[in-house]
Amino acid sequence: TRLRAHEKARRAADERAGRLRRRLSSALLLAAVAAFVGLLIGTVGVGGVLMVSFLALFGGLTIHQAAATSLFTFLFTGILGTWLYQRRGSIDWRISIPVCAAALLFGFLGAAVAAVIDARPLAIIIAVIIIAAGVYILIPIKVTAEVRDGRGWREQTLLASVGAASGFGSGFSGAGGPLFSVPLMVILRYVPITAVATSQVLQIVAATSGSVENYRQGFIDWNTAAVVTVFELLGVIVGVRLAHIASALVLRRLAGALCVVTGGLLLARTL
């Protein structure tokens, strides 16, 4: 009887140790992914979308929770990124203000629409967005010699349209406004560093707007958000420095490949 009790106790201890190792491994992987996502946000603006797919595939969250939790963390990366880019004089507020003003309203609308869509079609849509983002990153759009400066009511209206599309897409997918605003601004011939700098400010507005509705729906996983935020912020600090002193080509290609792979996995699992 004593031997059986001892063996049972040993098996229970082994199971507890195994669960602890798995939790530690999961926490370390989450921290590494979050730091890399922050690095991409600080360097090329686009990258937050990876957090959505990782949390949905490996974080044990539903697609609604993954999108909402990711979006909430981008509020803090946006605050830090804005401060760091402003210190370097890279933010053109004449360009940033109309983008953010429109995103404030449409971020809430995007989250509200996502909340009423069933998990499966929402996951499919988000997976397609992630794959499209990866393709964009892998095949960046070339900027022509002529660039825009945000002057005049026509350009202000154009920038507001970028903000509306980016805010809605951010609230809907949880991917963060930069995923939409950076490529749109580059297509429209704004300087890439200005587009990335504007995207930092946009994160604050889009994440706040979308998170209001996500909080109301109870979709945000606060424990996961806390861990992700800390390591994303560390990544942003390094990323902003790299954006101003080094070529981001390798990071862009790596981010693009990861978007295509994780988006494809999410799509395959959903289908």
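1. Ground rules. In this predicted model, local features need pLDDT of at least 70, side-chain atom pairs count only at pLDDT 80 or more, and totals for chains, interfaces and linings use all residues. Residues are numbered from 1 along each chain as its sequence is written, and side-chain values use heavy atoms, with hydrogens and water left out.

2. Ser 199. Look for Ser 199 in helix α8, residues 192–217. Helices are DSSP runs of H or I, at least four residues, numbered from the N terminus. Ser 199 is buried, at 0% relative accessible area; buried means under 20% (1.4 Å probe, protein chains only).

3. Neighbours of Ser 199. Leaving out residues up to four places away in sequence, Ser 199 touches Gly 45, Pro 178, Ser 181 and Val 182. Contact here means heavy atoms within 4.5 Å.

4. Helices α4 and α8. Helix α4 spans residues 93–115, and its axis comes within 8 Å of that of α8, crossing at roughly 30°. Axes are lines fitted to C-alpha atoms over the stretch in contact, with angles from 0 to 180 degrees between N-to-C directions. So α4 is roughly parallel to α8, a label for angles under 35 degrees.

5. Nonpolar cores. The largest nonpolar core has 65 residues; Met 51, Ile 63 and Leu 179 touch the most other members. Apart from it lies another core of six residues, including Phe 72 and Phe 219. Such a core is a set of buried Ala, Val, Leu, Ile, Met, Phe, Trp, Tyr and Cys residues joined through side-chain atoms within 4.5 Å.

Technical notes. Helices (H or I, at least four residues) and strands (E, at least two) are DSSP runs, numbered from the N terminus. Buried means under 20% relative accessible area, exposed over 50%, partly exposed in between (1.4 Å probe, protein chains only). Angles under 35 degrees count as roughly parallel, over 145 as roughly antiparallel, 65 to 115 as roughly perpendicular and the rest as oblique.
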